[in-house]
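Colleague: I would like to go through the ligand site of this model. Please keep to computed values.

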Amino acid sequence: MTTRDSFSGRFGIIAAAAGSAIGLGNIWRFPYVCGQNGGGAFLLVYLICIVLMGLPIMLSEFSIGRKAQSNAYRAFKILSPKSPWYLIGVMGIIAAFTIMSFYSAVGGWTIEYIVRSATNSMSDNPAAQFEGFISGSYKPLAYQLAFLALSFGIVMMGVRKGIESSSKILMPLLLILLIILCIRSVTLPGAVEGLKFLLKPDFSKLTGNSVLLAMGQAFFSLSLGMGCMITYGSYIKREEDLTSSAGMIAGADVFIALLAGIAVFPAAASLGIEPDSGPGLAFITLPGMFQQMAGGMIFSSFFFILLCIAALTSSISLIEVVVSFCVEEMRIRRGYATALVAGCIFLLGILCSLSLGIVPGLNLFGMSFFDLMDFSSSNILLPLGGLFIAIYVGWVLKKLITVKELTNDGSLKFVGLRIFYFLIKYIVPVAIMVVFISGLLRST
Ligand code: TRP
């Protein structure tokens with residue numbers, strides 16, 4: 001057995017897990033899904049899901065991972081031998097492929113926008129430019145491939161060197177830049193409408209389906225429900241405090257999503273872009289705003305570089321789940337495993353990219369292949385994974401094991417322990433099932 005790599009010190013794991021959580025989900029996906037589902041009311045449900053479901057599930061995943069000291073699949077085999085719970089790990093691997101197929105496409109868009117900003121070739125009509133780009137044939141694929149190559153390069157170098165160092169300095173920089181963008185956005189003429197849209201809940205817009213999408217966004221944004229945080233939990237040292245780490249990660253994640261919303265919606269209102277314009281929302285609105293800023297192209301270059309890095313730290317966490325499975329369970333060499341996984345993801349990713357443009361016939365269940373991968377991972381696979389993890393920790397795993405992890409063998413006090421158990425045993429499973437059923441019934 002080789003010894004497992006572990007993150008160095010407290011800031012290391014928080015930075016890495018926050019690096020996984022903070023990514024395109026916050027800056028690209030949150031505004032677009034929120035915009036399509038009515039704004040303020042969606043935001044509120046999303047926040048409730050983060051607190052009532054996201055935090056307990058993140059704590060559960062960390063506990064499982066740190067106790068078992070292994071990848072998600074093996075963790076269940078170690079903790080509950082001869083039972084089918086390891087299937088959660090299998091589901092997670094499927095989810096990782098599904099997510100990476102479209103995530104890498106959007107990651108590719110960020111690279112395209114870095115190049116555009118740096119070469120000063122943004123057009124005056126950002127919407128047309130975006131459409132033109134994603135419906136191209138080879139260009140989106142080339143950028144997607146570049147994004148995958150970067151991700152896999154980092155994964156190949158191993159956990160500590162790759163993930164930790166890229167998260168520590170650059171995520172705070174992204175935060176600062178986002179704050180600047182928010183200030184510019186809210187001071188544009190007509191911005192108030194956008195702020196109102198985001199912050200004033202209109203409950204008449206809330207349907208079973210939009211609640212499902214808010215829950216899915218909470219899972220997606222916190223990287224939950226597919227074993228990612230189990231794998232990362234296994235790298236957390238014994239003496240770290242899991243509860244306060246989870247709180248900080250979730251707090252940072254929500255804060256970045258909120259800032260993204262404040263950067264996007266007021267600017268969209270000012271520029272006359274509809275909030276429900278779909279996956280292109282941030283990629284149309286923000287470039288539109290950069291053009292109205294002094295030194296806009298410089299801001300734009302920096303912003304898309306940082307966004308791309310945020311996307312990379314997330315995508316490597318997804319890839320790491322699959323690669324650690326191949327290496328530790330199937331005994332495939334890290335290099336081969338990485339190349340194999342990259343190839344498979346790219347094949348699926350090609351379908352995602354092309355379904356947005358030149359192969360519009362790539363439709364299944366009334367959605368483009370891209371939307372189908374996006375919808376089925378966030379709104380089906382991840383909540384399902386979360387449901388099983390909650391049932392596992394609430395009802396199957398010995399309470400003593402979880403309590404020992406959460407309190408570091410009793411040396412820490414966790415005042416919320418009873419609340420945690422109440423949530424994970426009853427509220428989380430029931431809520432997921434109710435939202436699931438009402439949401440899926442509405443959307444079909
Ligand atoms: N949370 C990341 C984002 O917001 C995406 C991500 C990384 C993810 N790892 C994950 C989503 C695991 C679900 C599960 O961009």
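Colleague: How far does a backbone N or O atom of Leu24 lie from an oxygen atom of the ligand?

Modeller: This is a predicted model, where local features need pLDDT of at least 70, side-chain atom pairs count only at pLDDT 80 or more, and totals for chains, interfaces and linings use all residues. Residues are numbered from 1 along each chain as its sequence is written, and side-chain values use heavy atoms, without hydrogens and water. A polar contact is a pair of N or O atoms within 3.5 Å. For the backbone N or O atom of Leu24 and the ligand oxygen, the distance is 3.2 Å.

Colleague: How much of the ligand's exposed area does the protein bury?

Modeller: Accessible areas come from the Shrake-Rupley method with a 1.4 Å probe. Taken alone, the ligand exposes 360 Å², and the buried part is 100%.

Colleague: How much space lies in the largest cavity?

Modeller: On a 1 Å grid over the protein atoms alone, a cavity is a set of points where a 1.4 Å probe fits but cannot get out. The ligand takes up the space of the largest cavity. Its volume, the space filled by probe spheres set on the points, is about 140 Å³.

Notes: Polar contact = N/O pair within 3.5 Å; in protein donor to acceptor, adjacent residues only side chain to side chain. 1 Å grid on protein atoms, 1.4 Å probe; cavity = no way out; pocket = protein on both sides within 12 Å on 5 of 7 lines; lining within 4 Å. Sits in = over half its atoms within 2 Å of the grid points.
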